[in-house]
Amino acid sequence: MITPTNPTKIIPVQKEHRIDFLDVLRGIAILFIFMANILTFSGYFSFPLEDRFTGTTFAFDGTFDFIMHTLVDGKFYTVFSLLFGIGCAMQFYKLDVSNKPFAPFFRRRMFWLLVIGLIHLCLFWLGDILTLYALLGFVLIGFVNFSDRKLIVFGSILILFPIANWLFVYVTKLNYADFFFELSSAYYEQRGFATEVWNGKIYPDFKQFQSNEILLDYFKYNIGNTFGRIGAILDEGRVFKVLGIFLLGLWAGRKLLKEDVLNDTKFLKKVTIWGFVIGLPISTFRTYVVFFGSQEPLWDFIKTVSYALGTVPLAIAIASGLALLYRKKPKLLNAFAPVGKMALSNYLFQTFFGVSFFYGIGLGYAGKFGFSIIMAIAIGVFLLQIVLSKLWLKHFKFGPVEWIWRQLTYGKVLKILKT
């Protein structure tokens, strides 16, 4: 339980108030988010097979890809979104027991996360999630006093709402996401950047973007990619489902604080079993549709439905299963904790590596490796992050970006060195 440490001022969460498993889970999520993102960084989707180095593709790559897509795609950003909601619940409780207003504090926190996210999105990485988290964080403030039942009901509706969003667009033909895709394409054309035609529409040529060797053009490209990112988020209804997962996270945070749910093995086992029973078959079916289905509207609708029904149950099952494993074998998972304690810094470091290693402005290895080698690279980078995070936290209280974010949020200089 979190107890007030000072009745007069707001301070960062202290070490004794952290729940160790949440840092572990956050670290695991950072690994698998990178394993999903590195496929885009690496040019796996945008470069032809003939560009790959000889000997870097294997017969089992396709099977490995199928398994990873089923178990990873969407699952660990869902876990990370749950953790965001849990973190919000813990911050709300910490301030509430100290009789301090939550909304002003959380707005400052989200404002500075938004600034960090916009810099990351507009200049460095079109796959940024921080901007969306920050914007929805402002909305989340309005839900912190909802009852548990309302959080579950509204969260579930929002998670399923992308199905309604798809039907609305299909029936009305008002695809509002296309506006941003067209903005992205128009920006590319106006700047003289390469485009390509797919299904009769003009799209930015991502291969040319990744191959570009001019640093200034790299930043210019990313401004155009920002419009495409907004379009993709709207097209898949991610705004609704992320907010829905945040609400489930708020509910889960209350369970952690008030009912010590991490020690309720009966509840965790039930969640794990039912999550896998529901989520795994549906997620496997979705992967089959993604890999072998056509581009017809019916198949697209099936993908949307199966994503909405399967992703969250499987993600929750994975999280609760890891909680059970952590109870029995904490040392097995504790290596992930340092990465989780400085998750924001490590998330941004992964962008730095992805761009520096794969893009033309760096080493230019985009499109050169097969699936299994790309996964091995991701694991290698993460192992490095474990070592660096452990060394950093041996001497410092916070990760470097976390330290900057906290100082901006609390409006004061915070000591970073451990005494």
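Q: In which sense does α3 pass α10, left-handed or right-handed?
A: Happy to start there! In this predicted model, the crossing of α3 with α10 is right-handed.

Q: And how are the axes of α3 and α10 placed?
A: For two helices, look at the distance of the axes and at the angle. The axes of α3 and helix α10 (residues 238–259) come within 6 Å and cross at roughly 50 degrees. An angle between 35 and 65 degrees counts as oblique, so α3 is oblique to α10.

Q: At what angle do the axes of α3 and α5 cross?
A: Helix α3 (residues 75–97) and helix α5 (residues 130–140) cross at roughly 40 degrees, and their axes come within 12 Å. That makes α3 oblique to α5. The crossing of α3 and α5 is right-handed.

Q: How do α11 and α12 pack?
A: Helix α11 (residues 265–292) and helix α12 (residues 297–328) have axes 6 Å apart, at an angle of about 145 degrees. The crossing of α11 and α12 is left-handed. Their contact holds 20 nonpolar, ten polar and four charged residues.

Q: How do I read a pair of strands, and in which sense do β1 and β2 pair?
A: In a regular strand the side chains alternate between the two faces of the sheet. In this model, strand β1 (residues 195–198) and strand β2 (residues 201–204) pair in the antiparallel sense, over four bridges. One of the bridge partners in β2 is P204, which pairs with T195.

Q: Which residue of the hairpin takes a positive phi?
A: That is N199, with a phi near 55 degrees; the hairpin of β1 and β2 has two residues between the strands.

Q: How many aromatic pairs does the whole structure have?
A: A pair of aromatic rings is described by the distance of the centres and the angle of the planes. A search of the whole structure finds 51 aromatic pairs. Take F34 and F353: their ring centres are 6.4 Å apart and their planes stand at 80 degrees, so the pair is edge-to-face.

Q: Where do F34 and F353 lie?
A: F34 is in helix α1 (residues 20–41) and F353 is in helix α15 (residues 343–358), so this pair ties together parts that are 319 residues apart in sequence.

Notes
Residues numbered from 1 in each chain as written. Predicted model: local features only at pLDDT ≥ 70, side-chain atom pairs only at ≥ 80, totals over all residues. Heavy atoms only, no water. Axes fitted to C-alpha atoms, helices over the stretch in contact; angles between N-to-C directions. Parallel < 35°, antiparallel > 145°, perpendicular 65-115°, else oblique. Left-handed = near helix turned anticlockwise from the far one by under 90°. Pairing = 2+ DSSP bridges. Phe/Tyr/Trp six-rings, centres within 6.5 Å; stacked < 30°, edge-to-face > 60°. Nonpolar A, V, L, I, M, F, W, Y, C, P; charged D, E, K, R; others polar.
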